[in-house]
Amino acid sequence: MRFGPMFKVRCILETSAKYLDSLLTRKYNNKLQNRMSSSAHPVAAVCQVTATPDKEANFSACKQLVEKAKQQGACMVFLPEGFDYIGSSREETLALSESLEGDIISRYTQLSRNLEVWLSLGGFHERGRDWESDRRIYNSHIIINDKGDIVSVYRKSHLFDVELPEKGVSLKESAFTIPGPSLLSPVQTPIGKVGLGICYDLRFPELSLALQRHGAEILTYPSAFTVATGAAHWEVLLRARAIETQCFVLAAAQVSRHHEKRSSYGHALAVDPWGEVLGDCGGENPGMVLVEIDLEKVSSTRRNMPVQQHRRDTGFYHSLEQT
């Protein structure tokens with residue numbers, strides 16, 4: 001677990017009851033809670049969970065994290081890809097899916113309304129428009145405001161079809177998932193303008209740069225990275241996206257063992273516009289990172305190093321194709 005400068009970030013790990021109940025921890029948490037609650041800048045909570053095929057248990061665990069984040073000053077809470085569940089087979093994944101009007105999203109809209117907190121639900125298994133005929137789903141990133149309204153739904157556009165036999169990785173998301181039709185404009189939220197991606201989208205800088213050009217100040221990549229790809233690429237990709245766009249990057253994550261066939265890397269991360277890691281939840285336990293979003297960091301980084309002003313026109317970067 002790492003922390004950025006001036007101690008503006010806290011990572012709370014769900015460890016043993018004995019540890020959480022200790023006097024030292026209570027004093028430590030109270031001091032930090034007071035600091036976050038009195039923050040001059042809005043606070044975001046970036047969560048890390050271990051979803052299973054048990055949807056009820058998953059909702060209970062996520063609800064507790066959202067409630068804790070709200071208590072400790074967060075105005076927007078980010079949950080990872082597969083927050084609703086992670087199935088153990090194609091058949092189970094499809095059978096457990098729902099529409100946006102189903103029970104799971106209804107419960108989250110009620111939760112956000114009751115707590116008056118914004119939610120980023122990254123990677124909901126949404127039944128496709130032709131579900132009755134083709135039994136395919138979208139991987140959908142849903143933004144819910146503090147009144148319980150769905151204000152944006154981005155459907156993952158890059159699907160994870162990867163075979164890495166030497167790493168023990170074999171996933172074909174396109175076997176049951178429909179690629180999203182388009183990017184969406186960044187969403188105005190209490191923490192700033194948030195650009196939406198999901199997991200594998202992280203590997204495509206064209207997406208992050210497009211969101212930045214359309215006003216994004218924060219990029220978010222809720223994910224369920226495999227252990228092998230996460231260890232090799234997770235942090236470096238998130239930092240690269242932050243550096244090249246000069247945005248905050250918030251990446252909620254799945255962690256540990258979901259069932260006998262799958263585990264995730266974890267390390268829910270918050271990165272500032274300079275590329276510095278502000279908080280890392282580690283690779284073992286559920287928890288969350290609380291981070292103050294000071295948009296002056298975005299402005300000053302872009303002002304002091306005006307990369308976007310130095311960027312050449314699109315034709316320049318395609319000039320090689322004409323030779």
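How many nonpolar, polar and charged residues does the lining of the largest pocket have, by class? The lining has 15 nonpolar, 15 polar and 9 charged residues, where Ala, Val, Leu, Ile, Met, Phe, Trp, Tyr, Cys and Pro count as nonpolar, Asp, Glu, Lys and Arg as charged, and the others, Gly among them, as polar. The structure is a predicted model, in which local features need pLDDT of at least 70 and side-chain atom pairs count only at pLDDT 80 or more, while totals for chains, interfaces and linings use all residues. Residues are numbered from 1 along each chain as its sequence is written, and side-chain values use heavy atoms, with hydrogens and water left out.

Confidence comes next. The mean pLDDT (the predictor's confidence in each residue, from 0 to 100) of the chain is 90, and 88% of its residues reach 70 or more. Over residues 3-8 the pLDDT is below 50, and this stretch has 16 contacts in the model beyond near neighbours in sequence; a contact means heavy atoms within 4.5 Å. Residues 15-26 also have pLDDT below 50, with 8 such contacts. Where pLDDT is low, the predicted coordinates should not be read in detail.

The chain holds 11 helices and 17 strands, taken as DSSP runs (H or I, at least four residues, for helices; E, at least two, for strands) and numbered from the N terminus. Of its 323 residues, 52% are buried, that is, under 20% relative accessible area with a 1.4 Å probe and protein chains only.

Helix α9 (residues 295-304) has V298, S300 and T301 buried, and β12 (248-251) is among what covers its buried residues.

Finally, P190 sits in the loop between β9 (187-189) and β10 (192-196). Leaving aside neighbours within four places in sequence, P190 contacts P42, C75 and W118. P190 and V43 are 147 residues apart in sequence, yet 9.0 Å apart in space, C-alpha to C-alpha.

Technical notes. Buried < 20%, exposed > 50% of the residue type's maximum accessible area, 1.4 Å probe, protein only.
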